Amino acid sequence: MKLINESVWKFDSVKYGAYMALFLSCIHLVLQEVYNANVLPEPYQTIVSLGLMFLAVLIGRKKAQPNLQQPLGFATITAGHSNTDPGAVNGKVKEADLVVNFRNAVTHYLREAGLQVKTDGTGTKNDPLSAAVKLIQGSSVAVEFHMNAAASKQANGVETIALPKDKKLAQDLSKAVADALGSRLRGDNGWIDQSKSARGRLAYVNAGGLIVELGFISNEDELARFNARYWLAAKAAAKILIDYENCN
Ligand SMILES: [Zn+2]
């Protein structure tokens, strides 16, 4: 038998059952000892007592106790950079714009699945990192999207930077995105250990979040595939997060 890690007295079913048992015991004692009488002959007295107790438990169980509801977990989904910091740029294409679209698409699929989601903005709004980091606290999972950039136009692939505890989720997210975009995985099957990241210690990852680099904005082919298929990649990433939330 597995025990629940909370006091049972907060449940009205337990309380009402106990009160009814106490109440009936008192009635019974008073009638017996003071009046030396039974209201009902046995076995009807026992049957009625048990029936009343069951009714008390039933009412306690059925009655809503709003303050007992556990606060629902939420996912934090944010876009890298901000409305004033474009991030990496390729001609007129800005990293911040691409990842805002991706954030919105992932958020759409998560909410469609009934998940609570906090974002660093809606529509084209993209709050800075400091605001995004603040959203992480209390969330069951936090993911931020970026695009990589390199001097070499050939550099390509998808990677997720995370703490070692989130290695599996990081690999799953990278694979989902890479498969949808037709890209390859970087790092350890898509996972980059925060401590081994060339970017050093990232505030977002330190706060418990994961950073998904969706591809290289500097690679024309990868950029074209991203633009053509990012909705599919967002849907695949959302599915990973939905499964993760439902298993935790
Ligand atoms: Zn970035």
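## Overall fold

Of the contacts in the protein chain with a separation of 6 or more, 77% join residues 24 or more positions apart. Contact here means heavy atoms within 4.5 Å. This is a predicted model, in which local features need pLDDT of at least 70, side-chain atom pairs count only at pLDDT 80 or more, and totals for chains, interfaces and linings use all residues. Residues are numbered from 1 along each chain as its sequence is written, and side-chain values use heavy atoms, with hydrogens and water left out.

The protein chain holds seven helices and eight strands. Both are DSSP runs, numbered from the N terminus: helices are H or I with at least four residues, strands are E with at least two. The radius of gyration is 28 Å, whereas a compact globule of 248 residues would be near 18 Å. That radius is taken over C-alpha atoms, and the globule rule is 2.2 Å times the number of residues to the power 0.38. Along the principal axes, the C-alpha atoms fill a box of roughly 100 × 35 × 30 Å. Buried residues make up 40% of the 248. Buried means under 20% relative accessible area, exposed means over 50%, and partly exposed lies in between (1.4 Å probe, protein chains only).

## Zinc site

Three residues supply the protein donors of the zinc ion: His 81 through NE2, Glu 95 through OE and His 146 through ND1. Donors are N, O and S atoms within 2.8 Å of the metal (3.2 Å for Na, K and Ca); water is not among the atoms, so sites may look incomplete. In sequence the donor residues follow the spacing H-x13-E-x50-H. His 81 sits in the loop between β1 (74-79) and β2 (89-90), and His 146 in strand β5 (residues 141-148), so the pair ties together parts that are 65 residues apart in sequence.

The two histidines fall in separate accessibility classes. His 81 counts as partly exposed, because its relative accessibility is 22%. His 146 counts as buried, at 12%. His 81 also has a positive phi of about 65°, although it is not a glycine.

## Largest pocket

A pocket is found on a 1 Å grid over the protein atoms alone, as an open set of points where a 1.4 Å probe fits, with protein on both sides within 12 Å along at least five of seven lines. Lining residues have an atom within 4 Å of a point.

The pocket is lined by 17 residues, and the closest to its centre are Leu 24, His 28, Gln 45, Val 48 and Ser 49. Helices α1 (12-33) and α2 (44-62) are the elements that give two or more residues to the lining. By class, the lining has 11 nonpolar, five polar and one charged residues. Nonpolar covers Ala, Val, Leu, Ile, Met, Phe, Trp, Tyr, Cys and Pro; charged covers Asp, Glu, Lys and Arg; the others, Gly among them, are polar.

## Helix α1

Leu 24 lies in helix α1. It is buried, with a relative accessible area of 17%. Leu 24 touches Ser 49 and Leu 52, not counting residues up to four places away in sequence. Its C-alpha atom is separated by 70 Å from that of Asp 97, 73 residues apart along the chain.

Asp 12 belongs to helix α1 too. Asp 12 is buried, at 6%. Beyond residues up to four places away in sequence, Asp 12 touches Gly 60, Lys 63 and Gln 65. Asp 12 and Lys 63 are 51 residues apart in sequence, and their C-alpha atoms are 7.8 Å apart in space.

Ser 174 is in helix α5 (residues 167-181). At 0% relative accessibility, Ser 174 counts as buried. With residues up to four places away in sequence set aside, Ser 174 touches Val 158, Glu 159, Thr 160, Leu 185 and Gly 190.

Asn 189 is in the loop between α5 and β7 (191-193). Its phi is near 50°, a positive value in a residue other than glycine. Asn 189 counts as exposed, at 51% relative accessibility.

Gly 91 lies in the loop between β2 and β3 (93-94). Gly 91 is exposed, with 65% relative accessibility. Gly 91 and Ala 37 are 54 residues apart in sequence but 97 Å apart in space, C-alpha to C-alpha.
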